[in-house]
Every structure is written in C-alpha cells, then in structure tokens.
Amino acid sequence: MLIYDVNCLVGHWPFARLRHESFPELLKIHHSGGVAGGLVSCLDSIFYNDPSEGDEPFFRIAAGSPYIPVMTVNPNIPCWERDIDRFSPRAVRVYPTFHGCPLDSPELARLADLLTERKIPLLLTGWMLHPRETYLFHPAPADAAGTAAFLRAHPALTTLLLGYNAPELSHDDLKAAIRERDNVYFDIAFEHYMDPAVFVRTYGAEKMLYGSLTPLLCLESTRLTLERIGITEAEREAIACGNFRRLFAK
Amino acid sequence: MNLIDMHTHLWLGRVDACRAAILRAAGLYGYDRVYVSTLRSAVPDEEEIDACNAATAAFMRDEPSLVRGWCYLNPRNANWKDVLERGLNDGMTGVKLWVATYCDDPLVDPIAEYCIERRLPVLIHALDKTVGQGTYESKGMNVRRLALRYPSLRIIMAHMGGNEYTGIRAVADCPNVMVDLCGVIYRADALEYAVERLGAGRILYGTDLSSDTPFWRNIGKVNALPIPQYDKERIFWRNAADYGL
C-alpha cells in the first residue's frame, strides 16, 4: 500500500531528545514504513522567534526530495507575507495553540484570505503532544468550536486539520462544519482512543488523510492501524494516498 | 505472534461490553493470555470491591484458557485480606492497586508483606500527569519508595509511570520493579527510552484495554524498537511468562 504522510516533521523538539529528527532519518523511517512522500514541516520553525530562520535551511534540505516542504507561519509576527513571497510554499502550517493566536484573530484571518486567494492549502495544527505530557511549556488546548467558526469564516480555503483528537472531531459544531465543506480534511495521527474506522463512518474516507506526527509519535503505530482497521480497501487507499494525490497533484 | 496482555480492564456498569471488546481483541491480535482487573470508583467500599472481583472471577471462569485475574484491593478497607484470599481461591494471580491510596501509603504495608510471603506480584497504577492528577494517584516516586521499603516485593509499575522521564528514572535502580507499557501511547521515543534505562527484560506488554480502541498502536511501538527480535518477543510475552504470568 502506497502511503503519503501529511503530518511529519524534521528538526529539534526543545523538551526531549528525539531519536529520529533529521531529514535522512525521516526518509529512513518512511521508507521502512512504505511511505513515499508527503507534507513535511520544520519543528524548529515552531519555536524560533522568526520561523523563517528554521524554514530557510529546511526548504533547502527538502528541495528535490519527494516531499512538499510546508512553510510555518506565526501570524502574530510582522510581515509574514514577505516570507510567503520568498518561499512560494505549496502549503502553509500554523500552530495557533503554540503561538497564542486565537482562531478568530484578525492576523489569522488575513493569512487565510491570502492563502485562499493564492489557492494554497492551510494546515491547522491542533495537538502536538497530549496535555498530560507537556513539560515547561503548556500549549492551549485545541479549540473545536473556534475551528468550526474558522472553517465557516473561510469557506474557500482548503484546510487540513492536523492532530485533532476524538473530543474535537466528535464536537457537534465542528462535525457539522467539516461535513458542510468538501475542502476540509483531517489526519489520523493523534487519535489514540477511538478506532479511526468510526471517523470513516462519520465523515467518509474522502475527508481523511494519513498523518503520523513523526518523529514525535511512532509511525509504525499509525501505519499498522491504517493497515488493520475495519474499512474497505477503497477507503484505506483513499486515506493512505488517494486523497493526498487529488489534493497535491501538480 | 505470541502475545500476553497483562493489563486490561472490565468496568462495572459496562462489564458485558468490556468482555466483548477483550474477546474481540484477543482474536484480532492473537492473545495467548489476558490479565484482567475490574474497576469503578476511585475509593471503592467493600461492597464495590466484591462486585469488581466477582466480575473478574466470572470472566476467568467463562474463559479459562484466556483470562487471568488481578485481585483489586482498596487498602483502606479493613477486609482486604479476606478479599485477597477469596481472589486467590478463585485462581487470581496477584494484586491490583489503583488510586484509593498512594502505593507507598503505610496502609499498603500489610498487603505488601502478605504478597512477599506468597510471592504474589502487585500491579500498581502509576501515572504522572501535567494536568488531571488524581488525589491519591501514584507517580514513579511513590512506587520507588514502596520498592525500596520492600526490595523483595514483586512490583509491576503500570503505564511506565505515565511519564517515562519521571517514572522510569524513579525505578531504574529498583530491580524488583517491572513496568508495563500500556497507557503510554504518545511519545515515539518513550519505549526506546525505557529499553535504554531498564533493558527489554523489565518491560511487559499491556494495553489498558476495555473497549474497541485500536491497539495496533501498542504493537507498532514494540515493532519499531531498534532491538533484536528476541527482545521484542520478551516484551510481547516472554517476560510475562518468565515472571510467572
């Protein structure tokens, strides 16, 4: 089964030593798990005052690889538009819970409008780590109601919800907002307590993407889950690669 | 693949659903044996403890080739010894302590001494959380204090202490403490960290299973470890078998 991973990263995590943090190590893990490519983001860029300081070397490393490098934007810092012009990204990722950026902030709305205009998908990050395991820094919880309102405010923006968990995906308002749209997707990286097959039945496989959150989470765990859960082969194929190809085909 | 899941639960109030989920998982993952304890409230009275252990015993009777039981005790209850002896008569393997007291509370001492005398293992819930810590919920340091007080007590620290950085560090030099990997399903490197600090010989496979949660994730974490296949087998089942489970 061919797989594309929309939620993988390279770089350092400030709170623990990651055993597999470089791009070559990601390639090795992906290769052994049958992952052919995907959307890769830079961990360093989350934590740097100027995310472009992380993205500059990262885009150079990822160039020419089978991966689409994703640009990180902190909407709270000035003049991120300039960086979007500079990197010409095929996707942009934000971390509102890390950057203290409410989902109804004017800065995020401005970014959403620009991405909509340029037809660049937005990767909206919920959780990166379970709240009971945070250390020193405690990001805000993922905001299901705020996400629903954001999706409704930007209906033409292709949006990938990454790291959303069962409580958010089961939230009635967010559920409705996702179902209303045919350009909203979510990944299966973070879900631990509910069988992803439940979400296939709720939303349809056409809204789901394979994400592993490597190197923070274990790729083999999500890969094995995708391979073994009780869904049809067509649904499995859509989650593993079909939806990704449809979204990011050149 | 051989597999011994030494940490699963029935929950009073939905025992039938939990039993069904455990049986489905046993078929799906190919379990050889499943160790079950039944829980409900944090500080159960004598009546509730009896109901919990009766549910476990009934499951053991109904599935004798698959299900083994932990005898759930509340150290605050005066009748713990009678409860434990009844559980042993029903064929239970050892003691389960949850969150009624810290595990190093002096109330646990007589239970520890009883278990040492009969070489009974004690499965201790320990979960160090940044948010939502229970009132009497043990952490790795509680387990450490108990282990040092009773160096011949056979302890299994559940969930690797909930946070490997505090849990594993706390018991690394306590050879009478094994750990189980269930409940620690988040960080990719947690299990590798545990293997580095404890060795594969002190880690047991478990799931905390009580519903249809896809536990391929736990299996995947062991499969992904950069250790020889034999050591993976130790985690999946050999350690448990060697431990007498």
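Which residue forms a salt bridge with Arg238(B), and how far apart are the closest N and O atoms?

1. The partner is Glu233(B), and the closest N and O atoms of the pair are 2.9 Å apart. This is a predicted model, and every value in this note is computed from it. Glu233(B) is partly exposed, with a relative accessible area of 23%. Arg238(B) also counts as partly exposed, at 24% relative accessibility.

2. Some background on charged pairs: side chains of opposite charge can pair when their charged atoms come close. Over all chains, the structure holds 25 salt bridges. Two of them are found across the interface of chain A and chain B.

3. Glu196(B) deserves a separate point. Its side chain meets that of Arg19(A) in a salt bridge, at 2.6 Å from N to O. This pair crosses between chains: Glu196(B) is in helix H7 (residues 190-198) of chain B, while Arg19(A) is in the loop between strand E1 (3-10) and H1 of chain A. Glu196(B) counts as partly exposed at 39% relative accessibility, whereas Arg19(A) is buried, with a relative accessible area of 10%.

4. With Arg17(A) it forms a salt bridge at 3.9 Å, N to O. With Arg197(B) it forms another, at 3.2 Å, N to O. Arg197(B) counts as partly exposed, at 42% relative accessibility. Through shared partners, salt bridges join Arg17(A), Arg19(A), Glu196(B) and Arg197(B) into one network.

5. The interface can also be described as a whole. The size of an interface is often given as the accessible area lost when the parts come together. Between chain A and chain B the buried area is about 2600 Å². Carbon and sulfur atoms give 53% of that area. In terms of residues, 30 of chain A are in contact with 28 of chain B.

6. Lys96(B) is buried yet has no salt bridge.

7. Next come the aromatic rings. A pair of aromatic rings is described by the distance of the centres and the angle of the planes. The count comes to 23 aromatic pairs over all chains. In one of them, the rings of Phe23(A) and Tyr67(A) have centres 5.6 Å apart and planes at 75 degrees, so the pair is edge-to-face. Phe23(A) lies in helix H1 (residues 23-33) of chain A and Tyr67(A) in strand E3 (residues 67-69) of chain A, so the pair ties together parts that are 44 residues apart in sequence. Phe23(A) is buried, with a relative accessible area of 8%, and Tyr67(A) is buried at 5%.

8. Chain A also has an aromatic cluster. It is formed by Trp13(A), Phe15(A), Phe47(A), Tyr95(A), Phe98(A) and Phe137(A).

9. In chain B, rings also meet charges. The charged end of Arg76(B) sits over the ring of Tyr136(B), 4.5 Å from the ring centre. Arg118(B) lies over the face of Tyr114(B), at 3.6 Å from the centre of that ring.

Note on methods
Residues numbered from 1 in each chain as written. Chains lettered and ligands numbered in written order. Predicted model: local features only at pLDDT ≥ 70, side-chain atom pairs only at ≥ 80, totals over all residues. Heavy atoms only, no water. Phe/Tyr/Trp six-rings, centres within 6.5 Å; stacked < 30°, edge-to-face > 60°. Helix = DSSP H or I, 4+ residues; strand = E, 2+ residues; numbered from the N terminus. Buried < 20%, exposed > 50% of the residue type's maximum accessible area, 1.4 Å probe, protein only. Lys NZ or Arg CZ within 6 Å of the ring centre and 35° of its normal. Lys, Arg positive; Asp, Glu negative; His and termini not counted. Salt bridge = Lys/Arg side-chain N within 4 Å of Asp/Glu carboxyl O. Contact = heavy atoms within 4.5 Å. Buried area = accessible area lost by both parts, 1.4 Å probe.
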